[in-house]
Amino acid sequence: MTDLKREHDAADEAGHTSRREPTSDFHKELRTDDSRMLVPSSLELGAGAVDKYVISKQIVKMQEPRRLTHDDLDERRIIYPESPNRLLVNKFRHLRTKLVELSSGNNFTMVVSGACEGVGTSFMALNLAAAFAFDHAKTALIIDCNLRNPTQHFPLDLSPETGLTDFLEDADFDIGRIIYPTGIPRLRLIPAGSKREAPAEFFTSFRMKQFLQAVRRRYPDRFIVLDTAPINESPDARILAELCDYSMLVVPHGRLTPAAIADAAQSFDPDKFVGAVING
């Protein structure tokens, strides 16, 4: 692709990432110590509307009911600061640093989508979120938006009964019921949910827009990664990318032509597209 300028590795074997400077600015959110949970039925848009209800416990109080061990994380291919796989850890740290620089240090929402099926999108999304959680002053949230094939709960050894679609379908559903501790400090998961029919209808709903605004402001220091279906299989990633600050494409090594990769990249708004990562 001619418009992708910078490349670097981002997977076990080899990978390349490139960046493109967006034209839109990020908005700085005010910090508050209010520890109340969001009341979903009270979600509103408008200046300060979410801040009245949101903002949960301070980062230092984010305790894990259980902690994944280093052996657990190695087995699941999830990075952690002390991991012996320094090459992989440093590649995700570098990617995280570039994204934070791009956002001028502000938190953001980002769609991660594959150029086709089986490219390791969920692996990339989860480890990118884990890299943000390395920093004791930051938190991360990964949202499983691949309703056709949700997988994020598997490596985290979770069996969620409810998730994103349950919240979107019920105006009185408490957001606290869908945010799950992962066993990784400062990292939370929102699973796909029990309702998985017609994903596009969920993602185009007004409530989805409200939800992303609210969950971003829950912590001013929280970075939010959306794991989505492949860009070539459904409109979900494109729909969600319109609601998010950034989008990133995961490309399989040696499986697609440059023209196919460029076509997938052009599915995203160029002002929000941060680049492609070659995985595999």
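1. Lysine 138 is buried, its relative accessible area being 19%, which places this residue just inside the cut-off of under 20%. In this predicted model, its side chain meets that of aspartate 135 in a salt bridge, with an N to O distance of 2.9 Å. Aspartate 135 is partly exposed, at 28%.

2. A further salt bridge joins aspartate 236 and arginine 148, whose closest N and O atoms lie 2.5 Å apart. This pair links distant parts of the chain, 88 residues apart: aspartate 236 belongs to helix H7 (residues 236–243), whereas arginine 148 sits in the loop between strand E2 (139–144) and helix H4 (164–169). Aspartate 236 is buried at 0% relative accessibility; arginine 148, at 47%, is partly exposed.

3. Arginine 76 and aspartate 72 also form a salt bridge, at 3.6 Å between the closest N and O atoms. Both residues lie in helix H1 (residues 70–76), and because they are four residues apart, about one helical turn separates them. Arginine 76 is partly exposed at 24%, and aspartate 72 is partly exposed at 22%. The structure holds four salt bridges.

4. Helices H2 (residues 86–102) and H3 (residues 121–133) pack with their axes 9 Å apart, at an angle of about 75°. H2 is therefore roughly perpendicular to H3. Residues in this contact include Leu88, Phe92 and Arg96 of H2, and Phe123, Met124 and Asn127 of H3. The contact comprises ten nonpolar residues, one polar and one charged.

5. Overall, the protein has eight helices and seven strands. Of its 280 residues, 56% are buried.

Terms used
Residues are numbered from 1 along each chain as its sequence is written. This is a predicted model: local features need pLDDT of at least 70, side-chain atom pairs count only at pLDDT 80 or more; totals for chains, interfaces and linings use all residues. Side-chain values use heavy atoms; hydrogens and water are left out. Helices (H or I, at least four residues) and strands (E, at least two) are DSSP runs, numbered from the N terminus. Buried means under 20% relative accessible area, exposed over 50%, partly exposed in between (1.4 Å probe, protein chains only). Axes are lines fitted to C-alpha atoms, for helices over the stretch in contact, and angles run from 0 to 180 degrees between N-to-C directions. Angles under 35 degrees count as roughly parallel, over 145 as roughly antiparallel, 65 to 115 as roughly perpendicular and the rest as oblique. Contact means heavy atoms within 4.5 Å. Ala, Val, Leu, Ile, Met, Phe, Trp, Tyr, Cys and Pro count as nonpolar, Asp, Glu, Lys and Arg as charged, and the others, Gly among them, as polar.
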